[in-house]
Amino acid sequence: MPQSIDWSRPWYESVRGAAAKLTGDVHFRDAFSAQAAALGLRNHQGLPLSFVPQEALPDGIAYEAFIGATGGVPTRDNLHDFFNGLVWLSFPAIKVQLNALQAAQIAQDGVGKSRGPARDAATIFDENAALLVVRDCDGGHRLTEALREHRWHDAFVGQRASFGPDAQVWLFGHALMEKLVAPRKAITAHTRVVVADDDFFAMEHDARRAWLDRKVARELAGHGLSTADFTPMQALGVPGWWPGQDDAFYADATVFRPKRPVAVK
């Protein structure tokens, strides 16, 4: 397991359980395959999921199509693919649905020079998404509106008390997790809002993660995905995720930028 990761960071909570099962005497790729087998994970074609060396991906075959056709996830010996494996083990239903969306688009349109809007949205989700779960209450809806309107001080300071009781952030994107190994204030997630009832917030951690996995996968299967589904959120702006989160911290307009006005045609 890579040694450069500070697992105490709050943004790794969503994958910490899968990471805790790794040992230093087994390569993480093989350990991931063992965990996937123990969980009975399968891709959207019903094929058992495993993690294979990058060399198993033939030239000219798209990564997503290969996973869909074989169940094998090509995995390089780097942090990027390490976090990708952890997300597969932590949110398998979402990952399967994203792969199904991407594989279907490739089958329809080919690989091409451009991914197209559906694959673009799936790639953004896969690489850089955070899931913001908000309680279905006035506070949760006000927080969502503030974030979507880029009212950062209102969201992160004025509604700071909502984080925890009425709102939780679960990182999903593996490139986002990789960037946060060396945290910088400007790192921003493409955030998808998920509305939950009171029962969710009363669950234990693993039950909440499983609920979130099923819920988002069902939404993707039923409604697809577009880039309009995301709103930006600065990872280190999440209350409690970084020291010194005072008014001056959030007043930094180079990071916490106001929303651009809509152009009048």
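Trainee: At about what angle to β3 does helix α7 run?

Mentor: Happy to start there, and keep in mind that this is a predicted model. Helix α7 covers residues 138–148. It lies across β3, β4, β5 and β6. Its direction relative to β3 is about 145 degrees.

Trainee: In what order do the 4 strands of the open sheet come?

Mentor: Look for the edges, where a strand pairs on one side only: these are β4 (167–171) and β6 (231–234). The pairing within this open sheet is mixed, and neighbouring strands are turned by 40 degrees against each other on average, direction ignored. Reading across, the order is β4-β3-β5-β6.

Trainee: In what sense do β1 and β2 pair, and what is the handedness of the crossover between them?

Mentor: Strand β1 (residues 50–53) pairs with strand β2 (residues 72–75) over 4 bridges, in the parallel sense. As a landmark, S50 stands opposite G72 in β2. From β1 the chain passes through helix α3 (residues 63–70) to reach β2. This β-α-β crossover is right-handed.

Trainee: Why is α2 described as roughly parallel to α4?

Mentor: Helix α2 (residues 28–39) packs against helix α4 (residues 79–90) with the axes 10 Å apart. The angle between the two is about 10 degrees. Because angles under 35 degrees count as roughly parallel, α2 is roughly parallel to α4.

Trainee: How many residues of that contact of α2 with α4 are nonpolar?

Mentor: From α2 come F28, F32, Q35, A36 and L39, which meet D81, F82, G85, L86 and L89 of α4. Of the residues in this contact, 2 are polar and 1 is charged. The nonpolar ones number 7.

Trainee: What radius of gyration does the protein chain have?

Mentor: The chain holds 12 helices and 6 strands, and its C-alpha trace spans about 50 × 50 × 35 Å along the principal axes. With 265 residues, a compact globule would have a radius of gyration near 18 Å. The value for this chain agrees with that, so the answer is 19 Å.

Methods
Residues numbered from 1 in each chain as written. Predicted model: local features only at pLDDT ≥ 70, side-chain atom pairs only at ≥ 80, totals over all residues. Heavy atoms only, no water. Pairing = 2+ DSSP bridges. Right-handed = clockwise from strand over helix to strand, strands pointing away. Axes fitted to C-alpha atoms, helices over the stretch in contact; angles between N-to-C directions. Parallel < 35°, antiparallel > 145°, perpendicular 65-115°, else oblique. Contact = heavy atoms within 4.5 Å. Nonpolar A, V, L, I, M, F, W, Y, C, P; charged D, E, K, R; others polar. Rg over C-alpha atoms; globule rule 2.2 N^0.38 Å.
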